[in-house]
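User: Hi, I'm new to this one. Can you walk me through it?
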Amino acid sequence: MQELLGRLSALDPGASLGLRVIACFDELVVGNVNSRALLSAAASLAGCNAGYCQDLPSRTMRVTPRGELVDEPPVAPPAGSSATADGLTVWIERSGPAHANDAIILERLALSMRIRHGRGRRDLDSRRALGLVLDRAVPVEDRRTAATRLGLAPGTRHRVVAAPLFAVWDEHPTAAEDVVPTPYGPIHALVVPHDHPPIAAGPIGVGVATTVEHLPRSFRTAVVALRLCAPPETPAVDADHYGGLIGLLADLPPDADQPDVDALAEVMVAPWGPPTVDALVRAGSVRQAARLAGVHHSTLQQRLDGIGDTLGFDPFDDGISRTRLGIAYLAWRLRTSRVLDLPAPGRSRP
Amino acid sequence: MSVTRPGFDPELKAGLAVVGGVFPPTITPDLIGFMRRSYASPPIEETLRAKAIERSDHTIAGHGGDAVAVSVLRPAGLSDARPGVLFVHSGGLMFGDRFSGADLVLAWVETLGAVLVTVEYRLAPEHPDPYPREDCYAALEWVAANAQRLGVRRDRLLVAGASSGGGLAAGMALAARDRGGPALCGQVLDYPMLDDRGVTASTGQFDGVGVWDRVSNETGWTALLGDTRGGPDVSPYAAPARALDLGGLPPAFIDVGAAEIFRDEAIAYAGRIWAAGGDAELHVWSGGFHAFDIFAPHTGLARGMVRARDAWVEKVLAD
């Protein structure tokens, strides 16, 4: 993977490789992989052997960048590229000057090995504090403690900003930040004050403002907002814009039965489907929708009739029907969201 | 309906955090240029450094007599006739070069003493069907015709390829059978791209996740076949799943991930070879995304895949 990291930085010199290293080890910890797998990943990322040793019981392992075990007796851990904590030492065998990502690889390897071996606690590491703060399954007292460690004072209001690892930051706020595992993959999360000015970055989702105790909710709304992004047209979405709707969407189980969304998906197969439905949801009348969609109102009326047939209700029948269409449209956008799958960094850059 | 699908192996899932930046899950035509840069192979001199392998480059007559480059990688110091491998590279028919993924097959040169020939077949969409497959077939005939000069045993010639290269290798085996071409002792089809129709269950399961999803596959096949993709007039040498008869083929080794779109077409191809009385060995790797041995060779799953493949090749090729 060192070679892949090299390609990444050649394709996009501004790409944050450190975050990718963090996300990589996060997934390994979530997957509960063994010591060899952790050392293989570190060696592969570094492009040189990685190893670990412990005292009680005495055990040593060295692994090549190809994941093969090295039989030879271990060399002494190289100074400057080893880390010891809780009776466990890890190292990478770099000959020559350290590479840019060595420190972060070593840090994540040490942390992952300690967790795998049941030594130390996750929260020994300050970066992990944000994962605790954003996890509603963590007792609120522990979240408060972790928030204090991050400098988030009780009583203050903040928002979580969610971004993919490959987001482009024209401006990067100074904030508590980390990579947090989610069902949609690792997400880059930052906590900014509630009145932070708009951030020049994309794609990003900005969560609702909450007190420190409710930051898990801000995070969940931020992830929904992020998934509603559709760059380049919509590089950033603010959860506030959708008010209470975003909370509904955030609480929707991923496997929820949604017949309105299934029916709407049939409409969206047609090339005119998405722009037409978008216009219908935004407009107050057929004429206004026609103007937004850039088509004649008779064309729009025709499409509206077809949409009504497919959905089984007329979206302009009454307020409830409009709401049904609006919610189905947002849920459809989430279901078909591609914003987390757009990691080609050089794509939009010269 | 939300899609259910088998999950990725944890080590591979971790690898995706890095792989995703180089190889996005969904490749649309506007990304072909980016992919040609991101998937270009590292300099071959670096790959071969400190290996006892001699390389020579040749120009052969490809489809229509046009010049096509091939490289011959020979074990240094062996002058007797050696087993030969014609290798076809990966890259979705649209990108990659003849050294893409070559590091994984160099072991056959180093440890088995095989001569590896790799062909710079022309890429779609600039060169649609039949250019890629006929460039490959021309290389196969060139190896057979020049076997003596190249020091290759004509009775021990193998075709091998990964992904799009796996599909092209399978197509070569079909064409060699039908045209009375060079005899082959085996075909190694790594997660091969066999079917332009995109109708399998696994194709529908991987959309926007992993490596090479349904849309990427459509992009690749459309680049090759244009409007004829999925229609009645696609050649089985381009899309081997289209072949009506899979009898009389050389022994096949097929490996594929369980968490990739090609899972079901690879399984079906092996099944049809067996049904026709043929010889096939099939490995389906649980939790594997497409080409995981190329992107994450350090993982336990990839080491297992390479070990199984190398053992089969040793059985077929070794002295």
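Analyst: Axes are lines fitted to C-alpha atoms, for helices over the stretch in contact, and angles run from 0 to 180 degrees between N-to-C directions. Helices (H or I, at least four residues) and strands (E, at least two) are DSSP runs, numbered from the N terminus. With that, helix α10 (residues 263–275) of chain B lies across β7 (252–257) and β8 of chain B, at about 155° to β7(B).

User: And what sort of model is this?
Analyst: This is a predicted model, where local features need pLDDT of at least 70, side-chain atom pairs count only at pLDDT 80 or more, and totals for chains, interfaces and linings use all residues. Residues are numbered from 1 along each chain as its sequence is written, while chains are lettered from A and ligands numbered from 1 in the order in which they are written.

User: In what order do the strands of the chain B sheet come?
Analyst: The order is β1-β2-β4-β3-β5-β6-β7-β8, an open sheet of eight strands with mixed pairing. Two strands pair if DSSP finds at least two bridges between them. β1 (53–61) and β8 (280–285) of chain B are at the edges with a single partner strand each, so one side of each has no neighbour in the sheet. From one strand to the next, the twist averages 20°.

User: Do β3 and β4 of chain B run parallel or antiparallel?
Analyst: Parallel: four bridges join β3 (residues 82–88) of chain B to β4 (residues 115–119) of chain B. B:Leu86 has B:Val117 in β4(B) as its bridge partner.

User: Which strands does helix α7 of chain B lie across?
Analyst: Helix α7 (residues 164–179) of chain B lies across β3, β5 (152–162) and β6 (186–190) of chain B, at about 140° to β5(B).

User: Switching topic, how many residues does each chain bring to the contact?
Analyst: Chain B brings 27 residues and chain A brings 37 residues. On chain B's side, α1 (10–22), α2 (32–38) and α12 (300–317) each supply at least two residues, and α1(B) gives the most, with 11 residues.

User: What about chain A, how is it divided?
Analyst: Chain A has domain 1 (2–126), domain 2 (133–250) and domain 3 (259–335), with bounds from an automatic or database domain assignment. The C-alpha centres of domain 1 and domain 2 of chain A lie 29 Å apart. Between them, 10 residues of domain 1 of chain A are in contact with eight residues of domain 2 of chain A.

Conventions
Two residues are in contact if their C-beta atoms, placed from the backbone, lie within 7 Å.
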